[in-house]
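Here is a short report on one protein chain.

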Amino acid sequence: MTNFTSELEALVKTASTLGNLPVETFHRIIFCSFIKAGLSIYGVQKEQEMEIENLIKTIAAPYRGLVNGRLYLNALRFLKTFNAFLKDSEQAVILKEANLHYILQFLENKVGKVDTVFVLDCASIPEIITIASKFSALRRNTTIYEEVFINPVGVTRFLTGQLETFNRESYLVQYAKLLKERLNASLYTKSSTVDLVTHQHGYTLDGFLKSIEMQKLFDHINHFAKQNSVLITSDHGYDIVADEHGLYITHGYKKKCPLNFSRIALFLVVD
Ligand SMILES: [Zn+2]
């Protein structure tokens, strides 16, 4: 059991006040708030600070206050607990949150049944929080579960490698199918968009935000969520790295970085 998802619930509550703004704007605001919080803990160089400040300038002035204020503080509180959890878990020999058998048991007990399962390869905390916030703004119930999947190496094969113990082939779509069966869902979908964009080189953070097409992703999920409940999760997230090349996105990064989100996958239910 982790104790940091309550901070994420608080973040969703703050972000849902963005109401009618497009999903892409939600995403940009939430993404920037996390990076700003990550950089302030990690320590930032002048050029990297300029880079994030320039990105924040692409957000309409009335909403910049959230990125520098309430959302930033929510993200900061979350990151402090999350980083402490990661540090502690490095010492754990066997981490139960990294074991799919444990995770499935948890989901069966706590989630019970959903109608659709949506697995997003590489969807990171900013995307899951964006989806939750937009649904919450549309007055839907959203739950971020206190249990999370921990992916210590931040790559898909850490998860898919465990599928053999369920007599499944090691493809991510099989994980979606397994969740569907365990949660008595009628549909399952896997999307690779975020992972594909993460692997394209030469993107600036701004280019990344544009290429991910959050509205499309949201509409895809909303298509299933319109009448029914949907579980949204991923295999791992992505990391935001700050080095001599500036700020960039990858997953499975081995060293310290401002946002080490490739280690975590959240479980969000919209009903
Ligand atoms: Zn990947």
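How many helices and strands does the protein chain have? The protein chain has 12 helices and 10 strands. Helices (H or I, at least four residues) and strands (E, at least two) are DSSP runs, numbered from the N terminus.

## Basis

This is a predicted model: local features need pLDDT of at least 70, side-chain atom pairs count only at pLDDT 80 or more, and totals for chains, interfaces and linings use all residues. Residues are numbered from 1 along each chain as its sequence is written.

## Overall fold

The C-alpha trace spans about 50 × 40 × 35 Å along its principal axes.

Of the 271 residues, 43% count as buried (20 or more other C-beta atoms within 10 Å of the residue's own, with C-beta atoms placed from the backbone).

## Helix pair α2 and α4

The axes of α2 (residues 23-42) and α4 (residues 61-68) come within 9 Å and cross at roughly 35°. Axes are lines fitted to C-alpha atoms, for helices over the stretch in contact, and angles run from 0 to 180 degrees between N-to-C directions.

## Hairpin β6 and β7

Strands β6 (residues 239-243) and β7 (residues 246-250) run antiparallel, joined by 5 bridges. Pairing requires at least two DSSP bridges between two strands. The two strands form a hairpin with 2 residues between them. D239 stands opposite T250 in β7.

Conventions. Buried ≥ 20, exposed ≤ 12 C-beta atoms within 10 Å, placed from the backbone.
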